[in-house]
Amino acid sequence: SHIVYSKRLTVPDYQAYFKVIPAIGRAVMQANPTLKCAEPEYCYIVNLDGEYKESDINIEYNEAVVEFGKDVDGITFRKTEPLKVVSVFQKGTYQDLPKAYAFAMDWMEKNGYNAVDFGRESYIDGVWNDKEEADWLTEVQIPIEKL
């Protein structure tokens, strides 16, 4: 388990991530100047729509930190519980993420697992450290239980 700060919001499209996520971090740091991120850094976005959408995406952004801080601007702190997930690494553009979800769902069906919550995406490599979309790396995780 770990402590995260999180915020639920609707973004117009994937490009908006690059504006709204840094803004969430800035708001948290302003309210909690001594707060430190977990090592290694770990953040993920829960897809609250339960399906891939190109626009008006409902998300919950989560960033792991070392301690609880002061809630601010719709951003709240909580402790997460350990989860069993099926994990698929997807290299390339975000438009290909549905393929990673389909692969995970197929694996779950063949191996007798059920999804117990919305899928989540952890962005490992992206525009912030690699200009080549073909090299972007995203981890898709779906919380599961054995049937």
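These entries record what I looked up in a predicted model of one protein chain.

**Entry 1: the whole chain.** I began with the secondary structure and found two helices and eight strands. From the N terminus on, I read the order of elements as β-α-β-β-β-β-α-β-β-β. I then looked up the radius of gyration, which is 16 Å; the globule rule gives 15 Å for 147 residues, so the chain is as compact as a globular protein of that length. I noted that 43% of the 147 residues count as buried.

**Entry 2: helix α1.** I turned to α1, which covers residues 17–31 and reaches 21 Å from its first C-alpha to its last. Which residues of α1 are buried? I listed Tyr17, Ile21, Ile24, Gly25, Ala27, Val28 and Ala31. Seen down the helix axis, these buried residues fall within an arc of 160 degrees, so they line one face of α1. I recalled that an α-helix has 3.6 residues a turn, so residues three or four places apart point the same way. On the other side of α1, I found Lys19, Arg26 and Gln30 exposed. I also checked what covers the buried residues of α1, and the cover includes β1, β2, β3, β4 and β7.

**Entry 3: the cores.** I looked up the largest nonpolar core, which has 33 residues; Tyr5, Tyr17 and Ile142 have the most contacts inside it. The elements that give two or more residues to this core are β1, α1, β3, β5, α2 and β8. I examined Ile142 and found that it touches, among others, Val86, Tyr101, Met105 and Met108. A second, separate core has six residues, including Val4, Val46, Leu48 and Ala64.

Key. Residues numbered from 1 in each chain as written. Predicted model: local features only at pLDDT ≥ 70, side-chain atom pairs only at ≥ 80, totals over all residues. Heavy atoms only, no water. Helix = DSSP H or I, 4+ residues; strand = E, 2+ residues; numbered from the N terminus. Expected span 1.5 Å × (residues − 1). Buried < 20%, exposed > 50% of the residue type's maximum accessible area, 1.4 Å probe, protein only. Arc of directions from axis to C-beta. Contact = heavy atoms within 4.5 Å. Core = buried A, V, L, I, M, F, W, Y, C linked by side-chain atoms within 4.5 Å. Rg over C-alpha atoms; globule rule 2.2 N^0.38 Å.
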